[in-house]
Amino acid sequence: MVMESKVKRADYRRTNAFVCPFCGALCDDLIVETDGKEIKVENACVLGTSKILARYHSRVLKPEINGKEVSLDEAIKKAAKILVNAKKPLFYGFSSTTCEAQELAIELAEKVGGVIDCTSSVCHGPTILAVHEVGVPSFTLGEVKNRADLVVFWGCNPMHAHPRHMSRYSVFPSGRFSQSRIARKVVVIDVRPTESSKLADLFIRVEPGKDYEVLNALRTIINTGECRFKKVGGVEVEKLFELAEMMKSCKFGVIFFGMGLTHSAGNYWNISEAISLVKDLYRFTKFGIMPMRGHFNVTGFNEVCAWETGYPFAVDFTKGYPWYNPGETDANSILSREDADAMFVLGGDPAAHFPRATVNYMKRIPLIVVDPFKSLTTKIANVVIPSAIAGVEVEGSAYRMDSVPLRLKKIINPPEGILSDEEILKRILEEIE
Ligand code: SF4
């Protein structure tokens, strides 16, 4: 899939500082060249490269209603009709699209009196709940690169899920005040050895489901200098004393955490305890904590939804005003109660990630999917509308995992007749109006 770069046709284009539209690290140092047909990518990891080149694979190219090819107008009319006739349509996904499309999706959900939720509710929703309770000390990835001398990865495996995170932001780069890997200590805490733990100075293996106990013991050691147990959560207490000392004595430490903390026993209490640990460390040094966000613009949905409705995800408009109560208003809770009578999915693949019972319910209600690619959700959809790939075929805004907004660039035109998510949402809104 590599282009002959010497063939410089009229539609040749080279873009520096191209932003990768795959994961929440939003690496913005890619170099992308195209001759209008094929693309060459430099600097991206294998995940980013395959996303940018994926435009050639598994595309949805024609709108469909119940498996039959139809015109775009027919698909949009049908989608609008389903949404208008539904009493409680559920809107879900929105983490792999632009902020501009997210804004329109929220407007659409409000207009038809539905519920809107994003993929946060099955990843870092517990993180958001913990932040509501105890706040969060924020910082940027640039500060990590320039200042951090202790980096802790807890319940996440960046080498696998965010392959350039370590090399671009957190472990290997030389910053203004930190001298590359040599001057940084790296700690990995997980339930099993991973690709990331092989690179760590200290690996702490926690028994599955015991992160809360370990966090609590660590806070006790930091605050009192004592611990009356020999082992906590499967970890020798000497190792926790060693980690506590590393944390207290660093100049600027950070904890990056993943779904190993948010979706194990303890759930949002784990995050609340981890944030409180960071607050305890303020008595000794500077410290911060950040979730490793997955989809490239899941953070963007939380930002856009918060400024549009006052809440970051799982917002119910059926009462005529925004109502937020995760556990009641999130997509899985609604589907498991069989409480939605239609579903609209864009920028997510719930059939691949939701429990079987909720996916079975999705099959029983009218399901509209807007997606550039074939997925498990497009397979069970009644209406499928193909869209352009955000960040490759369409420009727009997205938020990095540290809540820094970046501009996604367009490198190539979408296939003929394919609209952007934004254009499709506008057309549905017009039809409804
Ligand atoms: S780490 Fe994430 S954002 Fe960076 S190149 Fe890889 S997939 Fe893209």
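User: How many residue pairs are in polar contact across the interface of domain 1 and domain 2?
Analyst: A polar contact is a pair of N or O atoms within 3.5 Å; within protein, one must be able to donate a hydrogen and the other to accept it, and residues adjacent in sequence count only if both atoms are side-chain atoms. In this predicted model, side-chain atom pairs count only at pLDDT 80 or more, local features need pLDDT of at least 70, and totals for chains, interfaces and linings use all residues. Three residue pairs meet the rule across the interface of domain 1 and domain 2. Side-chain values use heavy atoms, without hydrogens and water, and residues are numbered from 1 along each chain as its sequence is written.

User: Which residues make up domain 1 and domain 2?
Analyst: Domain bounds come from an automatic or database domain assignment. Domain 1 comprises 59–122 + 296–390 + 413–432, and domain 2 comprises 125–291. Their centres, taken over C-alpha atoms, are 35 Å apart.

User: What area do domain 1 and domain 2 bury between them?
Analyst: The size of an interface is often given as the accessible area lost when the parts come together. Here buried area uses a 1.4 Å probe and is summed over both parts. Domain 1 and domain 2 bury about 460 Å², 66% of it on carbon and sulfur atoms. Seven residues of domain 1 contact six of domain 2, where contact means heavy atoms within 4.5 Å.

User: How many salt bridges are counted between domain 1 and domain 2?
Analyst: A salt bridge needs a side-chain nitrogen of Lys or Arg within 4 Å of a carboxyl oxygen of Asp or Glu. The count between domain 1 and domain 2 is zero.

Methods. Buried area is the accessible area (1.4 Å probe) that two parts lose on being put together, summed over both.
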